[in-house]
Amino acid sequence: MQECTQCQTPFKWSTVYKSLWFAYSPIHCNNCGTKHTITFTSRIIATIMLVVLPLLWINFSLNKMTFDATISISIFILLYILVSLFSPFFVHYKSSYLKES
């Protein structure tokens, strides 16, 4: 998990997770107030993980039809939840060097 570039206070998993789900909103350090924004590369990684991979799974499962539809949807939901939960470990934030009160 990433930490603040100013004071090295680690970000909470829940803070990063919320940031990802609310349009990559900035994270403010709880200790020093430094504003951190997600990097462009991390936006690409998050988009691939949360949009492209699920779409590929749907395309694969619909084209192959090796599973029953209920099983395929269940696997999709499970994979999406797992990918979503691990996504905060793969994104990085950069400091804006602006302290906010």
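Buried residues make up 28% of the 101 residues in this protein. Buried means under 20% relative accessible area, exposed means over 50%, and partly exposed lies in between (1.4 Å probe, protein chains only). The model is predicted: local features need pLDDT of at least 70, side-chain atom pairs count only at pLDDT 80 or more, and totals for chains, interfaces and linings use all residues. Residues are numbered from 1 along each chain as its sequence is written, and side-chain values use heavy atoms, with hydrogens and water left out.

How confident is the prediction? The protein averages a pLDDT of 82, and 86% of the residues score at least 70. That score is the predictor's confidence in each residue, from 0 to 100. Among the elements, strand β2 (residues 34-38) has the highest mean pLDDT, 91. Strand β3 (residues 93-99) has the lowest, 73. Where pLDDT is low, the predicted coordinates should not be read in detail.

Now the layout. The secondary structure comes to three helices and three strands. Along the sequence, the pattern reads α-β-β-α-α-β. Helices (H or I, at least four residues) and strands (E, at least two) are DSSP runs, numbered from the N terminus. Among contacts between residues at least 6 apart in sequence, 65% join residues at least 24 apart. A contact means heavy atoms within 4.5 Å.

Start before α1, with glutamine 8. Glutamine 8 is not a glycine, yet its phi is positive, about 60 degrees. Most residues other than glycine have a negative phi. Glutamine 8 counts as partly exposed, at 44% relative accessibility.

Helix α1 (residues 13-21) comes next, with Val16, Ser19 and Leu20 buried. Seen down the axis of α1, these buried residues fall within an arc of 100 degrees, so they line one face of the helix. The arc is that of the directions from the helix axis to the C-beta atoms. After α1 comes alanine 23, with a positive phi near 60 degrees. Tyrosine 24 lies in the loop between α1 and β1 (27-28). Its phi is also positive, near 55 degrees. Tyrosine 24 is buried, with a relative accessible area of 19%.

Tyrosine 24 also belongs to the largest nonpolar core, which has eleven residues. Other members include Cys4, Phe11, Ile27 and Val91. Such a core is a set of buried Ala, Val, Leu, Ile, Met, Phe, Trp, Tyr and Cys residues joined through side-chain atoms within 4.5 Å. Valine 91 touches Gln2, Val16, Leu20, Ile38, Ser42 and Ala46, not counting residues up to four places away in sequence.

What about the cysteines? The structure holds zero disulfides. A disulfide is a pair of cysteine sulfur atoms within 2.5 Å. For cysteine 4, the nearest cysteine sulfur is that of cysteine 32, 3.6 Å away. Cysteine 4 is buried, at a relative accessible area of 1%. For cysteine 7, the nearest cysteine sulfur belongs to cysteine 29, 3.5 Å away. Cysteine 7 counts as partly exposed, at 25% relative accessibility.

Finish in the loop between α3 (69-86) and β3, where serine 87 is found. Serine 87 is buried, at 1% relative accessibility. Its side chain reaches the backbone oxygen of serine 84 at 2.7 Å. Not counting residues up to four places away in sequence, serine 87 touches Leu20, Met49 and Leu50.

Methods:
A polar contact is a pair of N or O atoms within 3.5 Å; within protein, one must be able to donate a hydrogen and the other to accept it, and residues adjacent in sequence count only if both atoms are side-chain atoms.
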